[in-house]
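User: I've got a new model open and I'd like to talk through how it holds together. Can you take my questions one at a time?

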Amino acid sequence: MDIVTQLRSEHDRVMNLFNQFAKDERPEAQRQLLVQLVQELSIHESAEESAVWPEVRSVVDAKLIDHAVHEEKQLLQVLKQICGTVEQVDLKTEITRIRKMVLEHVSTEQDQIFPLVTQKCDQATRNRLGTAYMDAKNALVDRAAKVSITMLPDILVQQKQRT
């Protein structure tokens with residue numbers, strides 16, 4: 001699948017998780033959605049950084065890619081902070097903070113990077129990037145599933161180890 005189409009679809013999926021959070025006010029359901037958001041975003045960003053950005057950097061202004069990577073690193077830092085304290089955080093505050101960061105990052109990608117990728121990469125290249133991205137993502141998902149449902153690339157959720 002075309003990388004631009006694939007990433008847009010994933011952006012929509014994450015935004016649907018934010019919408020689910022807003023609709024379901026049960027604390028346990030919200031905690032589960034927060035964990036799911038953390039997992040989705042962490043895997044998405046890690047796969048993007050390993051499989052997409054290195055090649056896209058050669059056809060899109062490197063400063064723009066650097067900005068997107070910086071946004072991703074900031075988001076992952078916030079996710080790391082939240083992971084160990086998911087039982088203790090103010091869910092609405094954290095979701096609002098994550099949502100704002102995600103919207104800014106999605107805007108950078110969809111409004112600035114994707115048009116350039118579409119313009120400068122032919123369909124075969126975009127399809128190859130889409131395949132590479134999905135391979136990287138699937139490897140991360142497989143790795144997380146083998147270790148623990150709460151393990152993520154570079155993020156360990158330690159919800160049950162508090163005393």
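User: Is aspartate 2 buried or exposed, and what is its relative accessible area?

Analyst: Keep in mind that this is a predicted model. Buried means under 20% relative accessible area. Aspartate 2 falls under that cut-off, so it counts as buried, with a relative accessible area of 11%.

User: Which residue forms a salt bridge with aspartate 2?

Analyst: The partner sits in helix α6, which spans residues 123-147, while aspartate 2 is in the segment before α1 (3-23). The closest N and O atoms are 2.7 Å apart, and the partner is arginine 126.

User: Does arginine 126 count as buried or exposed?

Analyst: Its relative accessibility is 10%. The cut-off for buried is under 20%, so arginine 126 counts as buried.

User: How far apart in space are aspartate 122 and aspartate 2?

Analyst: Aspartate 122 is in the loop between α5 and α6, and at 45% relative accessibility it counts as partly exposed. In sequence, aspartate 122 and aspartate 2 are 120 residues apart. C-alpha to C-alpha, the distance between them is 9.9 Å.

User: What does aspartate 24 form a salt bridge with?

Analyst: A search of the whole structure finds nine salt bridges, and aspartate 24 takes part in one of them, with its closest N and O atoms 2.6 Å apart.

User: Are α2 and α5 roughly parallel or roughly antiparallel to each other?

Analyst: Helix α2 (residues 27-51) and helix α5 (residues 91-120) have axes 11 Å apart and pack at an angle of about 30°. α2 passes α5 in a left-handed crossing. Angles under 35 degrees count as roughly parallel, so α2 and α5 are roughly parallel.

User: How many nonpolar residues does the contact of α2 with α5 have?

Analyst: On the α2 side, the contact includes Leu34, Leu37 and Leu41, and on the α5 side Ile95, Ile98 and Val102. Glu45 and Glu48 of α2 also take part, as do Lys92 and Glu109 of α5. By class, there are five charged and two polar residues, and the nonpolar ones number eight.

User: How is α1 oriented relative to α5, roughly parallel or roughly antiparallel?

Analyst: The axes of α1 and α5 come within 11 Å and cross at roughly 160°. Angles over 145 degrees count as roughly antiparallel, so α1 is roughly antiparallel to α5.

User: How many nonpolar residues are in the contact of α1 with α5?

Analyst: α1 passes α5 in a left-handed crossing. The contact has three polar and four charged residues, and its nonpolar residues number 15.

User: What pattern does the protein chain follow along the sequence?

Analyst: The protein chain has six helices and two strands. Of its 163 residues, 49% count as buried. Among contacts between residues at least 6 apart in sequence, 79% join residues at least 24 apart. Read along the sequence, the pattern is α-α-α-α-α-α-β-β.

Technical notes
Residues numbered from 1 in each chain as written. Predicted model: local features only at pLDDT ≥ 70, side-chain atom pairs only at ≥ 80, totals over all residues. Heavy atoms only, no water. Salt bridge = Lys/Arg side-chain N within 4 Å of Asp/Glu carboxyl O. Helix = DSSP H or I, 4+ residues; strand = E, 2+ residues; numbered from the N terminus. Buried < 20%, exposed > 50% of the residue type's maximum accessible area, 1.4 Å probe, protein only. Axes fitted to C-alpha atoms, helices over the stretch in contact; angles between N-to-C directions. Parallel < 35°, antiparallel > 145°, perpendicular 65-115°, else oblique. Left-handed = near helix turned anticlockwise from the far one by under 90°. Contact = heavy atoms within 4.5 Å. Nonpolar A, V, L, I, M, F, W, Y, C, P; charged D, E, K, R; others polar.
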